[in-house]
Amino acid sequence: TLAEGAAEQVDLQYHTVKEQTISERVEANAETRYPPSKFARVAPRISGIVREVKAVWGAEVEVGDVLAVIESAAYGQAKSDYLQALAVLDLRQGNFDREKDLVEKKISAGRELLEAKAALTEAQIAVTAEAQRLSTLGLPADQIEALAGNQDTSPLLPVVAPFAGRVVEAAAVIGEIASPEKPVFAVAAMRRLWISIDVYESDLAKIEEGQRVSFSVDGIPGQRFRGKVVAIGGEVDDRTRTVPVFAEIKNTRGLLRSQMFGRAKIEVAPPEAKLLVPKQAVQSDGDCSLVFVSHKQDVFQSRGVELGMVLQNGYEVTSGLAAGERVVTVGSFLLKTEVLRGQMGAG
């Protein structure tokens, strides 16, 4: 109990405890990155000289769009080898048909037919192998089939986009040599990005795939990007004691770029009513957390409470208080000091 007027002199302030509907969240730093399945570094499948560059940095491309054209003698030779294999196959097919006809007319022995069949099979295998070689170099199946008619042996090889997206790297230069070991473009789908969230190991047990996530960036004020958790890392960083949690978020307006830093909130529990008390109201006597409940003017009760979630401006109270009770906020530390002084005096 304080002397009359003492509460006004020290300017005690109060807060009426009430329930609020909140969601339990885990907040952490996060960084954007390209989605693994929609990011590709593009290089020609065979070495050659860049003869034409069609795509520029930032360009939107569709699957199959030509990014650059390279000249490769080996590519032209592969086409020639395929056409030669087709010619041999045609020759051996004719020989086989003749031998078959002679056998049916009983003019020729069966041995020559067997030899012709073996030679035909060998030619068929050679054509299949050469077609597979062209496919490996990036020539579509329909264009391989068309070679028999157009007899194209051009050494010009197009480098194409593997899927629809944006060109995020462009290093092709006309006249320079391009090779499979040196990508000349990178393409990324940007409508959905991943974020890598640095979650402390103490919070990891709360995280599950499918939980809702919101992401904000200081450089884009007022915007929140929504998504969900899609993967959880398997290793703790030995320096930061965090685990990467990956979420896929929507980027429909295209405002986000890779490697942008921000804050992510993971909703780890559905919204529910919780009893909240401001942080200023909670003190500690060394053994437990306590608050000061004001029942009437100048009379206060120190009340032990059990705390749950830690929120930005307060705590969840799981026991010790009821909705509607009034607690001291500003000045609660002074009241705790008075209580401790009284306890020491009593001792």
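I looked up Phe 39 and found it partly exposed, with a relative accessible area of 22% (buried is under 20%, exposed over 50%, partly exposed in between, with a 1.4 Å probe and protein chains only). Tyr 34 and Phe 39 form a stacked aromatic pair, 5.0 Å centre to centre with 5 degrees between the planes. I took rings of Phe, Tyr and Trp (its six-membered ring) as paired if their centres lie within 6.5 Å, and as stacked if the planes are under 30 degrees apart, edge-to-face over 60 and tilted for the rest.

I note that this is a predicted model, where local features need pLDDT of at least 70, side-chain atom pairs count only at pLDDT 80 or more, and totals for chains, interfaces and linings use all residues. Residues are numbered from 1 along each chain as its sequence is written, and side-chain values use heavy atoms, without hydrogens and water.

I counted 3 aromatic pairs in the structure. One of them is Tyr 14 with Phe 300, stacked at 6.5 Å centre to centre and 5 degrees between the planes. Tyr 14 is partly exposed at 31%, whereas Phe 300 is buried at 16%.

I then turned to the helices (DSSP runs of H or I, at least four residues, numbered from the N terminus). Helix 2 (residues 73-104) passes helix 4 (residues 141-150) in a right-handed crossing (the near helix is turned clockwise from the far one by less than a right angle; anticlockwise is left-handed).

Key
Axes fitted to C-alpha atoms, helices over the stretch in contact; angles between N-to-C directions. Helix = DSSP H or I, 4+ residues; strand = E, 2+ residues; numbered from the N terminus.
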